[in-house]
Structure formats: structure tokens, C-alpha cells
Amino acid sequence: MLLKTVSSSSAALSLVSLHGGVKDVSPLLSSTNLRVSSGKSENLSVSVRATKDSTTDELSGVVFQPFEEVKKELDLVPTSAHVSLARQKYSDECESAINEQINVEYNLSYVYHAMYAYLDRDNVALKGLAKFFKESSVEEREHAEKLMEYQNKRGGKVKLQFIVAPLSEFEHVDKGDALYGMELALSLEKLVNEKLLNLHNVASKNGDVHLADFIESEFLTEQVEAIKKISEYVAQLRRVGKGHGTWHFNQMLLEQ
Ligand SMILES: [Fe+2]
Ligand SMILES: [Fe+2]
């Protein structure tokens, strides 16, 4: 066993055993000079300094006393069957903001479902676009469900709200239905992005790091990518025009 200084500036002292373990023994020693024999070959002279006001805890190395510190947490465990047991540092404001976002996602899902139903009509028959909006509708509903799962995970309560009835006709005299529908989708996705950023602000304002991270990792990147993709679709539909060009665009979506 030998004593060695760990850092010349702090004069901390470590005890190194033959088994390879290292233990900081600096607090156990008072200010003194030591001469330590390390065996046959060499002598080691070290100067050791320790603070004289070390507490008992410091001497024993205790930094966390679980049974002492958990007492106040035990007092906070709810006894009512109607109150979440898991809820911790989850503000009412964050809870309502999540419920609002669930409603936003459901509304979008409803609009896309209406567009699917319009595009799938026998006298419209843009099957590729219909498929795109049907899948988009399912995706928005999945977003709502992901938020519902999160609400429950944090101990909040999901409260569903009213959904506004969407349009049923998407014909537009100048643009045609495909371009009009895609421009509508682009505007809605940008609106949802703003709502997500507002939700992120609510999380930050309330110091809810977990919620902020959830929105960033699960929603914001995907939202930015969706806006880029739909913007490209709008640009392409503007190039090809309402008639034959839209048909080809529709076929492209059908084959994807
Ligand atoms: Fe969404
Ligand atoms: Fe979306």
C-alpha cells in the first residue's frame, strides 16, 4: 500500500492498495508532514493539508442520504384514487397546452380526411392525391395519439375538444382542386408549426425540460420536413397546370 499525491495544487492524498483500489484519504488527515516508506526501494515525502472544518458527512464520504431526503417526497405521494401518482413538476399550463395541440392535430386530420374523400370522388378521381391526403390524415391522428400518450405519461388528463367541420368542396376556378388543396395543406402545416413552437415556449417558460425535448425530438424536425415536401408539391403543381399535368403529378403520387 502506498500514499500518493493526486494533484500538486490541491495536495489531495490517495491510498493505493495492492489490489488496485484508490481511496481519497485527504479529509482524514490534518495539516502535517509525513514520511512514508513504500517498501524496500524508495521513500516518499509528502506534505498533506486538510480543512479543519470537515463535517462528519464529509469524513464518511456521504453526499446523499436517501432515507432522510425521501421523507418530504413521501409526504407528497397522493392518496386519492383520482389523482395521478406519476405527476411531478408538470404545470397546469403545460397540461392545457398539450390538450390544445391534440385538438390542432385532430383538426388537421379531419381536413385531410375531407380532402381525401373529395379527391376520391368518381368525377374527380385523383387517386394519387387521395392516397396522399388519406395517409396525411392518419399521420395527423397519430400525432394526436402521441400527444395523448405523453399527457398520460406525465400524469395530465386528456380532454378532447370540439373539431370544426371542414370544407367538402376544393374546386378553385383559377388554381384547380389539386393546387388549391396542396396550398391549403401548406398553410395548415405552417400554422401547426407555429402552434408547436408556442407549445415549446410554454414548456420553456415553465422550466419543463422534458416536454421541450419531447416537442423538439418528436415533432419539430418532422414538421419542418413536411413543410419542405409540401412546398415542393405546390411548386410542381404550379408548373404543370390544372389538366394533363395534374394527372401526371397524381400518377407520381400513386406510384410512391
Ligand atoms: Fe401533425
Ligand atoms: Fe403534418
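In which helix is the place of Glu 140? Glu 140 belongs to helix H4.

This report describes a predicted model, in which local features need pLDDT of at least 70, side-chain atom pairs count only at pLDDT 80 or more, and totals for chains, interfaces and linings use all residues. Residues are numbered from 1 along each chain as its sequence is written, while chains are lettered from A and ligands numbered from 1 in the order in which they are written.

**Overall arrangement**

The chain contains seven helices and five strands. Helices (H or I, at least four residues) and strands (E, at least two) are DSSP runs, numbered from the N terminus. In sequence order the pattern is β-β-β-β-β-α-α-α-α-α-α-α. Of the 256 residues in the chain, 23% are buried. A residue is buried if 20 or more other C-beta atoms lie within 10 Å of its own, exposed if 12 or fewer, and partly exposed in between, with C-beta atoms placed from the backbone. Two residues are in contact if their C-beta atoms, placed in that way, lie within 7 Å. Among contacts with a separation of 6 or more, 62% join residues 24 or more positions apart.

Helix H5 covers residues 176–205, 30 residues in total, and spans 44 Å from its first C-alpha to its last, close to the 44 Å expected at 1.5 Å a residue. The expected span is 1.5 Å times one less than the number of residues. The buried residues of H5 include Leu 179, Met 182, Glu 189 and His 200. Their cover includes helices H3 (92–119), H4 (127–153), H6 (209–240) and H7 (244–255). After H5 comes Gly 207, with a positive phi near 65 degrees.

Two packed helices are described by the angle between their axes and the distance between the axes. For H3 and H5 the angle is about 170 degrees and the axes are 10 Å apart. H3 is therefore roughly antiparallel to H5, a term for angles over 145 degrees. The axes are lines fitted to C-alpha atoms over the stretch in contact, and angles run from 0 to 180 degrees between N-to-C directions. Among the residues that meet are Gln 101, Val 104 and Leu 108 in H3, and Val 192, Lys 195 and Leu 199 in H5.

Gln 101 lies in helix H3. Why do Gln 101 and Glu 140 count as buried? Gln 101 is buried because 23 other C-beta atoms lie within 10 Å, and Glu 140 counts as buried because it has 23 C-beta neighbours inside 10 Å. The table lists a pair of residues for each, with the C-alpha distance.

| Pair | Separation in sequence | C-alpha distance |
|---|---|---|
| Glu 140 and Asn 107 | 33 residues | 8.6 Å |
| Gln 101 and Asn 198 | 97 residues | 9.7 Å |

Leaving aside neighbours within four places in sequence, Glu 140 is in contact with Glu 105, Leu 108, Ser 109 and Tyr 112.

**The nonpolar core**

In soluble globular proteins, nonpolar side chains tend to be buried together. A nonpolar core is a set of buried Ala, Val, Leu, Ile, Met, Phe, Trp, Tyr and Cys residues joined through C-beta atoms within 7 Å. The largest such core has 38 residues, of which Met 115, Leu 119 and Phe 133 touch the most other members. H3, H4, H5 and H6 each give two or more residues to this core, and H3 supplies the largest share, 13 residues. Not counting residues up to four places away in sequence, Phe 133 touches Tyr 112, Met 115, Tyr 116 and Leu 119.

Key
Angles under 35 degrees count as roughly parallel, over 145 as roughly antiparallel, 65 to 115 as roughly perpendicular and the rest as oblique.
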